[in-house]
Amino acid sequence: LDGFETTGGERSQIGTLAVFPFAGQKAVMVVAMNNVNSDRTGQSSCGQPVPSRLVGTERFLKLEEESKAPKIGPDGPFFKADSPELAKWIETGGNVGLNLGDLVALDIDSHEFQQLADNKLPETFSVRSGIGGEHRYFRSEWSGRRQFSQNGDDMGSVRSGNWYLVIPPSIHPETGEQYQVLRDNPITPVP
């Protein structure tokens, strides 16, 4: 991570990167979404309104209309993947987020972070964000948030614990692009 700075930070837009010990060295993790066939009817190829790899987490949040902000707050209420209320919310155009809990998400916002993640971390479930970045999901006991920058430019961040990410089939409020699953791999554990 030479040349990269890490900082904590306030909750803001999705896009996080973190440093974790991995194979005896520090490694950066990025969060990304996968390509589940989904539309705004609230159904995906897994029969749920959210990506199947995220179903066991059961900590989904409704997000404000045309926003990435939680509708109620990051502490809840949470919905299960098969919640009729959550499905109706998505069907009517509402965005959805995932409270990370025991997942660690790497939010990649730069080519440099993507290369670092590609070279240092195993493949895992990932999502293409609505701005063209990537979210990669891992299982880890680490909790918190770290923001990374280089020469004053945002590179990405790493989030876990009570932080959340926007997930498919949400639509990015600024670009109008849908979050999509990139790699439908199992979520990989890291130390």
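1. The model is predicted: local features need pLDDT of at least 70, and side-chain atom pairs count only at pLDDT 80 or more, while totals for chains, interfaces and linings use all residues. Residues are numbered from 1 along each chain as its sequence is written, and side-chain values use heavy atoms, with hydrogens and water left out.

2. Arg 136 meets Asp 118 in a salt bridge of 2.5 Å, N to O. A salt bridge here is a side-chain nitrogen of Lys or Arg within 4 Å of a carboxyl oxygen of Asp or Glu. Asp 118 belongs to helix α2 (residues 111–120) and Arg 136 to strand β7 (residues 134–139), so the pair ties together parts that are 18 residues apart in sequence. Helices (H or I, at least four residues) and strands (E, at least two) are DSSP runs, numbered from the N terminus.

3. Glu 134 and Arg 183 form another salt bridge, with the closest N and O atoms 2.8 Å apart. Since Glu 134 lies in strand β7 and Arg 183 in strand β10, this pair ties together parts that are 49 residues apart in sequence. Glu 134 is buried, with a relative accessible area of 2%, whereas Arg 183 is partly exposed at 26%. Asp 118, Glu 134, Arg 136 and Arg 183 are linked in a network of salt bridges.

4. The whole structure contains six salt bridges. One of them joins Arg 53 and Asp 184, whose closest N and O atoms are 3.2 Å apart. This pair links distant parts of the chain, 131 residues apart: Arg 53 is in the loop between β3 (25–30) and β4, and Asp 184 is in the loop between β10 (180–183) and β11 (188–189). Arg 53 is partly exposed, at 32% relative accessibility, and Asp 184 is partly exposed too, at 37%.

5. The largest nonpolar core has 25 residues; Val 50, Leu 54, Phe 60, Leu 98, Leu 100, Tyr 137 and Ile 167 touch the most other members. Such a core is a set of buried Ala, Val, Leu, Ile, Met, Phe, Trp, Tyr and Cys residues joined through side-chain atoms within 4.5 Å. Two or more residues come from each of β4 (60–62), α1 (84–91), β5 (96–108) and β9 (153–167). A second, separate core has 13 residues, among them Leu 106, Phe 113, Leu 121 and Phe 148.

6. Twelve of the 15 residues of β9 are buried, so this strand is largely enclosed by the rest of the structure. Strand β9 pairs with β5 in the antiparallel sense over five bridges; two strands pair if DSSP finds at least two bridges between them. Gly 101 stands opposite Gly 161 of β9.

7. Strand β8 (residues 145–150) also runs antiparallel to β9, joined by six bridges. Arg 145 has Arg 159 as its bridge partner in β9. The two strands form a hairpin with two residues between them, and Asn 151 in the turn has a positive phi of about 55°.

8. Gln 147 lies in strand β8 and counts as buried at 15% relative accessibility. Its side chain makes polar contacts with the side chains of Arg 145, at 2.7 Å, and Asp 154, at 2.4 Å. A polar contact is a pair of N or O atoms within 3.5 Å; within protein, one must be able to donate a hydrogen and the other to accept it, and residues adjacent in sequence count only if both atoms are side-chain atoms.

Methods
Buried < 20%, exposed > 50% of the residue type's maximum accessible area, 1.4 Å probe, protein only.
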